[in-house]
Amino acid sequence: MSDPLRVAIAGLGTIGGGTFKLIGDNAKLLERRSGREIRLVAAADMESSKKKEFALGGIRWHDDAMPMAEAKDVDVVVELIGGSEGVAKTFCETAIANGKHVVTANKALIAHHGTELALAAEEAGVVIAYEAAVAGGIPIIKALREGLAANRLTRVYGILNGTCNYILTAMRESGREFHDVLAEAQELGYAEADPGFDIDGVDAAHKLAILASVAFGCEINFKAVYSEGIRHISPLDIGFAEELGYRIKLLGIASRANGEIEQRVHPCMIPSEAPIATVEGVFNAVVTDGDFVDTLMQEGRGAGAGPTASAVVADLVDIARSCRTPAFAVPIADLDKISPKPMERHHGAYYIRLMVLDQPGVIADVSASLRDHDVSLEQLIQRGRAPGGAVSVVVTTHETDEEDILKVMEEVAALDAVTEPPRMIRIETF
Ligand code: HSE
């Protein structure tokens, strides 16, 4: 049996706690599978009260993680500090410079600095692994880099944020407003006290930028991800979606065509019979389209102590087995630069909902705007009767360019009879 793989964990929150427990509970199994013991030698957390909580028998405690990045008796550091800058970044850089492998669950760090960290790791002859950064327990990075290595991938998309999926599912099932359901999700611990990263699509955008890089063999370009969250989704739109045969999901979608890569995170209407439409609650799912494998969907828990620890420890097992797959599937020098496709050139179908005064001539004005911008109407629904008041009008379009839809929205919003800003949701048919 080889020497133990000596591991130090920085950050003992939910994932750190899960990792600590998994390594203890499954020690023998991990040893058999890795061919060597995976041994925790040090742990750090800013809250020294955690020291007792983790009953650190034989494990060295640090209030400050940084010395672990330089310690002679550490082979791998597990970075669970979080944040794209500051301590987490310096900790990883220091560990790499000191010849240590790095395992991280930090999607923000990888989305912003993944290429440079992976280059430093490559030059130092160590591994940087980040399976836990995307979709928690779903082994999607391994699937893209290894199981699907034979395929030219054309698209990868998914439900990448459990908080948003929980909120959208609960809104659909209960008919309640977004803010009501968000407050409940916060009480239940499914949403952070500051939920912005989740509900504004930033967390999903981090994950999508990473997926696009691995799937297409290009440098991560987080800035090129278009992102839009779920704050404006209303029960009215969810009801219309049902009526039209769709469900609303926050999706991250990356696709490659004609030398360009489109990366976008936004609410989508998707056919309710599509497999991904049935992924509900806090679950995540990732779908890949490959030229030989065809379409593949993986579903599972995208967060939580157990699933995320499962991903962290799988990376440790790889390192213990001396697997040296390039961080983004190809060596850093061979990664392409992304040529981003701007969102104005997105081509797709659209749902637009208007609130309009119930008076003659309004639909004619809306239709004129669609005609003037060469947008072809698929369906038009008007509900209710409210002489002198506002009624909702829904338009769905055939495939068209986003820049034309934006012009229509601007024109229609300026009509006297339109009482609220129009709402637009993109339709995906897959
Ligand atoms: N906050 C994320 C989610 C989990 O709601 O899916 C961690 O990325």
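Tyr166, Ile167, Ala170, Met171 and Ser174 of helix H7 meet Phe178, Val181, Leu182, Glu184 and Ala185 of helix H8, contact meaning heavy atoms within 4.5 Å. Eight of the residues in this contact are nonpolar, one is polar and one is charged (Ala, Val, Leu, Ile, Met, Phe, Trp, Tyr, Cys and Pro count as nonpolar, Asp, Glu, Lys and Arg as charged, and the others, Gly among them, as polar).

This is a predicted model, in which local features need pLDDT of at least 70 and side-chain atom pairs count only at pLDDT 80 or more, while totals for chains, interfaces and linings use all residues. Residues are numbered from 1 along each chain as its sequence is written, and side-chain values use heavy atoms, leaving out hydrogens and water.

The axes of H7 and H8 come within 9 Å and cross at roughly 125° (axes are lines fitted to C-alpha atoms, for helices over the stretch in contact, with angles from 0 to 180 degrees between N-to-C directions). H7 is therefore oblique to H8.

Six strands form an open sheet with parallel pairing, in the order E3-E2-E1-E4-E5-E6; two strands pair if DSSP finds at least two bridges between them. E3 and E6 stand at the edges with a single partner strand each, so one side of each lacks a neighbour in the sheet. E5 pairs with E6 in the parallel sense over two bridges, and Val103 stands opposite Ala129 in E6. Helix H4 lies across E1, E4 and E5, running at about 170° to E4.

| Element | Residues |
|---|---|
| Helix H4 | 87-97 |
| Helix H7 | 162-174 |
| Helix H8 | 178-187 |

Helices (H or I, at least four residues) and strands (E, at least two) are DSSP runs, numbered from the N terminus.

Key
Angles under 35 degrees count as roughly parallel, over 145 as roughly antiparallel, 65 to 115 as roughly perpendicular and the rest as oblique.
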